[in-house]
Amino acid sequence: MEKSIESIWKEGFLKSDVLIAPKVNDIYNKRSEHIVDKFTRMFKINLVAIVVGSFFVVGMSYAVNIPYMGIGMFIIVNVLVVINKRLMKGLSKIDKNVNSFQYLKTFDNWMKEQTSVNEKFSRFLYPLIFLSMVSGFWFGGFGGDVPGDIMVNELLLSYPDLVLVFGIPLYIWLTGILITVLLAFFGGKIYRWDLNIVYGRVLRKLDEIIADMEELKS
Amino acid sequence: MSHKKRRVSSDFYTSSILPYAAIIIKICRAYTNSQEDFEDYYQEVCLQIWKSKDNFKGQSEWSTWVYRLSLNVSMTLLKKKKNKHQHFASDYLPVEVVEEPQAFTDESLAQLYTAIRQLSEVDRGVILLYLEEKSYQEIADIIGSNPNNIGVRIKRIKERLKKLLDGKVN
């Protein structure tokens, strides 16, 4: 007679030595591969790298005499760090000791919140970095001549009919505005694209599991 | 890690995890396809139990807590594959799954596990708890579901497992 799955299960474990625990070596020093721990680690590494990078940029911008760029970028990326530090607190509150649905839903909600916040911020991040760079090169160092004004004066010598708006040629305004708008438009998409490359497969899988659980719950 | 802390964690493993290793092994086997992944999952679950032990408030049995945590961790454990992208180890189940010989000496059990691995993540959890003779209410509490639906789902899973074991479904 065909055996039921219940008896296969019961008898199978009685007969086999499958329940012998594998040898564990120093497991408490092991690097966790759990999704929450991985995100926490990734966040920490990214934030430290951003802070270190922002100091490096400030230093370099002073060294090459474009301090406005360094200061601007320092402020922008450190706002990003503060926002993400707050988001990281939410990650540490995720409790694995609740039912599976609640646990996955909490993680999913955190993930959605952090994606939404970072996507929105990316719409400002890239344009602001661009504007910092432009200001850096335009205004040059503190005091002294303004490289942007020197460039405009030289342009006026060659093209005296240039239309100026607040002392800057109109075509430079238009180009700057176009790049800023494009960066604002694609900023959020770049963030999503980046996230999707690394975690897209996993996030879709999590959605699948949650949908299955919701079906079981309703 | 200091020597003292290492000893404390080793004591915790011996006293609080090892007696329940069977639960962890049964669950990890259902979510992995190779001995290497299984051992990684086992170690990770032990690590997470140790890290979360202070959250255990005694509102449920320790064994129920171990079931819940093992399932939660196994369902969301990431592996880095050759292409560097993150995946769940359970994603890599070829249709013609070949269980490593050292895993199961009982052929029927090996076939049952092969069939279980072809279920969705949630269904694997449900059927494992059912086979461990948990009540519908307990399964619903661990998974976070409605006990009335658990019975229906188990019936469906059993039918699918039967088909898989009979070789009617890939």
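In the predicted model, the contact between helices α5(B) and α8(B) is formed by B:Gln111, B:Leu112, B:Ala115 and B:Ile116 on the α5(B) side, which meet B:Leu161, B:Leu164 and B:Leu165 on the α8(B) side. Classified by residue type, this contact of α5(B) with α8(B) comprises six nonpolar residues and one polar residue, with no charged residues taking part.

Two packed helices are described by the angle between their axes and the distance between the axes. For helix α5 (residues 107-116) and helix α8 (residues 147-165), both of chain B, the packing angle is about 120° and the axes lie 9 Å apart. Because angles of 65 to 115 degrees count as roughly perpendicular and those over 145 as roughly antiparallel, α5(B) is oblique to α8(B). The crossing of α5(B) and α8(B) is right-handed.

Within α5(B), the buried residues are B:Leu109, B:Ala110, B:Leu112, B:Tyr113, B:Ala115 and B:Ile116; among them, B:Leu112, B:Ala115 and B:Ile116 also belong to the contact with α8(B).

At the level of the two chains, the contact takes 42 residues from chain A and 56 residues from chain B. On the side of chain B that touches chain A, the largest share, ten residues, is supplied by helix α3 (residues 35-52) of chain B. By class, the residues on this side of chain B divide into 28 nonpolar, 18 polar and ten charged.

Terms used: Residues are numbered from 1 along each chain as its sequence is written. Chains are lettered from A and ligands numbered from 1 in the order in which they are written. This is a predicted model: local features need pLDDT of at least 70, side-chain atom pairs count only at pLDDT 80 or more; totals for chains, interfaces and linings use all residues. Axes are lines fitted to C-alpha atoms, for helices over the stretch in contact, and angles run from 0 to 180 degrees between N-to-C directions. Helices (H or I, at least four residues) and strands (E, at least two) are DSSP runs, numbered from the N terminus. Angles under 35 degrees count as roughly parallel, over 145 as roughly antiparallel, 65 to 115 as roughly perpendicular and the rest as oblique. A crossing is left-handed if the near helix is turned anticlockwise from the far one by less than a right angle, and right-handed if clockwise. Two residues are in contact if their C-beta atoms, placed from the backbone, lie within 7 Å. Ala, Val, Leu, Ile, Met, Phe, Trp, Tyr, Cys and Pro count as nonpolar, Asp, Glu, Lys and Arg as charged, and the others, Gly among them, as polar. A residue is buried if 20 or more other C-beta atoms lie within 10 Å of its own, exposed if 12 or fewer, and partly exposed in between; C-beta atoms are placed from the backbone.
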